[in-house]
Amino acid sequence: MNLEDHPGHPGWKRSEELLDIRDLPASPEEGMRCFYGAAPGDWDHRLFLVPNNTRIDEVVDFFEVGTHNAVAHGWEERETMDLINKTLTEIDEIVPGSIELATVSALHFRFWRQLRLDELEEIETVYQKVDDYQAGLEDYINGLTGGSILAEVRETGVLKLRWA
């Protein structure tokens, strides 16, 4: 796969537009990690390669994560991105992980190991302090996960946030 330097973000690389985002490839460069993203203005998802030390807020802000229909819901876009940055940073401190997908309407965060029950409870506590829908938990709230809104995250290892 051909990766080119990202013209708007030094140190990042991106591919041509992609259609299939099911399998995330291993990073072709040491010290870098891959994820899929669709930045505002992109027609489709691309593969991005970023330094391992890229912060969550850099990705959320660049892809304007959570801003899809924010105004229609009565949310200020900057406040929504700040909320996502704060909650994901807190979650990453509980159990580290990395972003696998970032768009204006979705974010997937893969934990680097399986969550323990006490860690899942800590993550749920993080989300109890915020608006569930603004934080991207709609699929969990409307899903069939049972008692814990994030129970399936423990099974899959991926926190899937979405804004409709």
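Is Glu64 buried, partly exposed or exposed? Glu64 counts as partly exposed, because its relative accessibility of 32% falls between the 20% limit for buried residues and the 50% limit for exposed ones. The structure described here is a predicted model.

## The loop between H1 and H2

Glu64 is situated in the loop that runs between helix H1 (56-63) and helix H2 (70-73). Its backbone has a positive phi of about 50 degrees, although the residue is not a glycine. Asn69 lies in the loop between H1 and H2 as well, and this residue, also not a glycine, has a positive phi of about 65 degrees. Most residues other than glycine have a negative phi. Asn69 is partly exposed, its relative accessible area being 37%.

Beyond its sequence neighbours up to four places away, Glu64 touches Pro40, Met81 and Val104. A separation of 26 residues in sequence divides Glu64 from Ala38, and their C-alpha atoms are 9.7 Å apart in space.

## Salt bridges within a helix and in a buried pair

Side chains of opposite charge can pair when their charged atoms come close. A search of the whole structure finds 13 salt bridges. One of them joins Arg46 to Asp42, with 3.2 Å between the closest N and O atoms. Both partners, Arg46 and Asp42, are buried.

Lys86 forms a salt bridge with Glu90, where the closest N and O atoms are 2.6 Å apart. Lys86 and Glu90 both belong to helix H3 (residues 77-94), and their spacing of 4 residues corresponds to about one turn of the helix. Lys86 is exposed, because its relative accessible area of 52% is over the 50% limit. Helix H3 also contains Glu79, which is exposed with a relative accessible area of 52%. Between the C-alpha atoms of Glu79 and His68 there is a separation of 13 Å, the two residues being 11 residues apart along the chain.

Arg110 forms a salt bridge with Glu100, and the closest N and O atoms are 2.5 Å apart. Arg110 counts as partly exposed at 33% relative accessibility, whereas Glu100 counts as buried at 17%. Elsewhere, salt bridges that share partners join Arg113, Arg116, Asp118 and Glu119 into one network.

Leu101 is found in strand E5. With a relative accessible area of 7%, Leu101 is buried, because this value is under the 20% limit. Leu101 and Phe35 are 66 residues apart in sequence, while their C-alpha atoms are 5.6 Å apart in space.

Strand E5 (residues 97-102) also gives the most to the lining of the second largest pocket, with 3 residues. Rolling a probe the size of a water molecule over the atoms shows where empty space is left. About 170 Å³ of space lies in the second largest pocket. Its lining is made up of Arg33, Asn52, Thr54, Arg55, Ile56, Asp92, Gly97, Ser98, Ile99, Phe109 and Trp112. Grouped by class, these lining residues comprise 4 nonpolar, 4 polar and 3 charged residues.

Where is Glu124 placed? Glu124 is in helix H4 (residues 117-128). Glu124 is buried yet has no salt bridge, and Arg154, the nearest side chain of opposite charge, is 10 Å away. When residues up to four places away in sequence are not counted, Glu124 touches Ser148, Ile149 and Leu150.

Terms used. Residues numbered from 1 in each chain as written. Predicted model: local features only at pLDDT ≥ 70, side-chain atom pairs only at ≥ 80, totals over all residues. Heavy atoms only, no water. Helix = DSSP H or I, 4+ residues; strand = E, 2+ residues; numbered from the N terminus. Buried < 20%, exposed > 50% of the residue type's maximum accessible area, 1.4 Å probe, protein only. Lys, Arg positive; Asp, Glu negative; His and termini not counted. Salt bridge = Lys/Arg side-chain N within 4 Å of Asp/Glu carboxyl O. Contact = heavy atoms within 4.5 Å. 1 Å grid on protein atoms, 1.4 Å probe; cavity = no way out; pocket = protein on both sides within 12 Å on 5 of 7 lines; lining within 4 Å. Points joined across faces, edges and corners; volume = space filled by probe spheres on them. Nonpolar A, V, L, I, M, F, W, Y, C, P; charged D, E, K, R; others polar.
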